[in-house]
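Colleague: I have a two-chain model open and some questions about it. Can we go through it together?

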Amino acid sequence: MPIQYYIYFCLALFSLGIIGVLTRRNAIIVFMCIELMLNAVNLLLVAFSKMHHAAALQAAPQTTAGIEGQLFVFFIMVVAAAEVSVGLAIIVMMYRNTHSIDINFLNRLKN
Amino acid sequence: MNLLDSLFYFLSALAIFSAIMVLVSKNPVHSVLWLITVFFAISGHYVLLNAQFLAIVNLIVYAGAIMVLFLFVIMLMNLNAEAEPRKNLWLKLFGILSGGSFLMVLVSLVRQTAELTGKTAQLKDGNIGLIKNLGKALFSDFVVPFEISSVLFLSAMVGAVVIGKKD
């Protein structure tokens, strides 16, 4: 499969995430769109890892070139899990204080 | 068109359609369910690329743990009937315009990049995605980041408890 197809597909997913962050006002949906962007990047990292592996296999048959990309994806998932737990706690705290999860309420933080 | 190509197109179309449904759903619970569909499609892509460990981890961590956390939070807040309060049409228009321009600029950039022509991502072959090779690399070359991530998890757990508790 040509690598351009993966790039186009991941760009489309990433742009959908950006559109969601810019247009929706619900804090939870904004957060879910951030997860969507993270997953698009993850898929592109795996595709690039397989691309480099295919190129390196022709030089050396037993190589593990490209395995770093998949490990980066693993660490991105670790960081995303930690981020989601803290972010949802922040959203719950915000809902407890304002009884709304509209992100426009967050500009009251500056006063 | 062989089976792998048609699977690729099917999974891509499923993921993009579900991502659009995440954006346009009024009910946040429906958004979460569509996002789970996106994660299943992306796991299918991982299987197609023979990254089996990442496919399983994606299902367990994302579609399992994180989305259940989202569902719990939505149901704790009782947001089911509540629509978004204000509809600003200009904001939506400009959001879609800026996202579309971002997509257009990057697609045209990729289309004229000469380095990418002829490169292919290897489907269904290659064994770097198997758990044996990933585990060897994870516990030899990447053991320090692995341990640091456990400290990160501990601090995230403490942070979530401290932020979320009633004071």
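Modeller: What follows goes through confidence, the interface, the core and a few residues.

Modeller: This is a predicted model, where local features need pLDDT of at least 70, side-chain atom pairs count only at pLDDT 80 or more, and totals for chains, interfaces and linings use all residues. Residues are numbered from 1 along each chain as its sequence is written, while chains are lettered from A and ligands numbered from 1 in the order in which they are written.

Colleague: What ipTM and pTM does the predictor give the complex?

Modeller: The ipTM is 0.90 and the pTM is 0.89.

Colleague: And what is the mean pLDDT of chain A?

Modeller: Chain A has a mean of 87, with 98% of its residues at 70 or more; pLDDT is the predictor's confidence in each residue, from 0 to 100. Chain B averages 87 too, and 94% of its residues score at least 70.

Colleague: Which elements of chain B have the lowest and highest mean pLDDT?

Modeller: The lowest is α5(B) at 87 and the highest is α2(B) at 92. Elements here are DSSP runs numbered from the N terminus: helices are H or I of at least four residues, strands E of at least two.

Colleague: New topic, the interface. How many residues of chain B are in contact with chain A?

Modeller: 65 residues of chain B contact 60 residues of chain A. Contact means that the C-beta atoms of two residues, placed from the backbone, lie within 7 Å.

Colleague: Which helix of chain B supplies the largest share of that side?

Modeller: α4(B), with eleven residues. At least two residues each come from α1, α2, α3, α4 (89-111), α5 (131-140) and α6 (143-164) of chain B.

Colleague: What is the make-up of that side by class?

Modeller: On chain B there are 48 nonpolar, 14 polar and three charged residues. Ala, Val, Leu, Ile, Met, Phe, Trp, Tyr, Cys and Pro count as nonpolar, Asp, Glu, Lys and Arg as charged, and the others, Gly among them, as polar.

Colleague: Which residues touch the most other members of the largest nonpolar core?

Modeller: Cys10(A), Ile28(A), Met32(A) and Leu36(A), in a core of 62 residues. Such a core is a set of buried Ala, Val, Leu, Ile, Met, Phe, Trp, Tyr and Cys residues joined through C-beta atoms within 7 Å. A residue is buried if 20 or more other C-beta atoms lie within 10 Å of its own, exposed if 12 or fewer, and partly exposed in between, with C-beta atoms placed from the backbone.

Colleague: Which elements supply this core?

Modeller: α1 (3-23), α2 and α3 of chain A and α1, α2 and α3 of chain B each give at least two residues. α2(A) has the largest share, 14 residues.

Colleague: What does Ile28(A) contact, leaving aside neighbours within four places in sequence?

Modeller: Ile91(A) and Ile101(A) in chain A, then Pro28(B), Phe70(B), Val73(B) and Ile74(B) in chain B. Val73(B) is also touched by Leu88(A), as is Leu69(B), not counting residues up to four places away in sequence.

Colleague: Is Leu88(A) buried or exposed?

Modeller: Leu88(A) is buried, because 23 other C-beta atoms lie within 10 Å. Leu88(A) is part of helix α3 (residues 67-98) of chain A.

Colleague: Back to α2(B). What span should its 21 residues have?

Modeller: At 1.5 Å a residue, 30 Å, and the end C-alpha atoms of α2(B) (residues 28-48) are 30 Å apart, which agrees. The expected span is 1.5 Å times one less than the number of residues.

Colleague: What covers its buried residues?

Modeller: The cover includes α2 (27-57) of chain A, along with α1 (3-24) and α3 (52-77) of chain B. Among the buried residues of α2(B) are Val32(B), Leu35(B), Phe39(B) and His45(B).

Colleague: Why does His45(B) count as buried?

Modeller: His45(B) counts as buried because it has 25 C-beta neighbours inside 10 Å. His45(B) touches Leu43(A) and Leu11(B), not counting residues up to four places away in sequence.

Colleague: And what is the phi of Asn50(B)?

Modeller: Near 60°, a positive value in a residue other than glycine. Asn50(B) sits in the loop between α2 and α3 of chain B, and is buried, with 20 other C-beta atoms within 10 Å.
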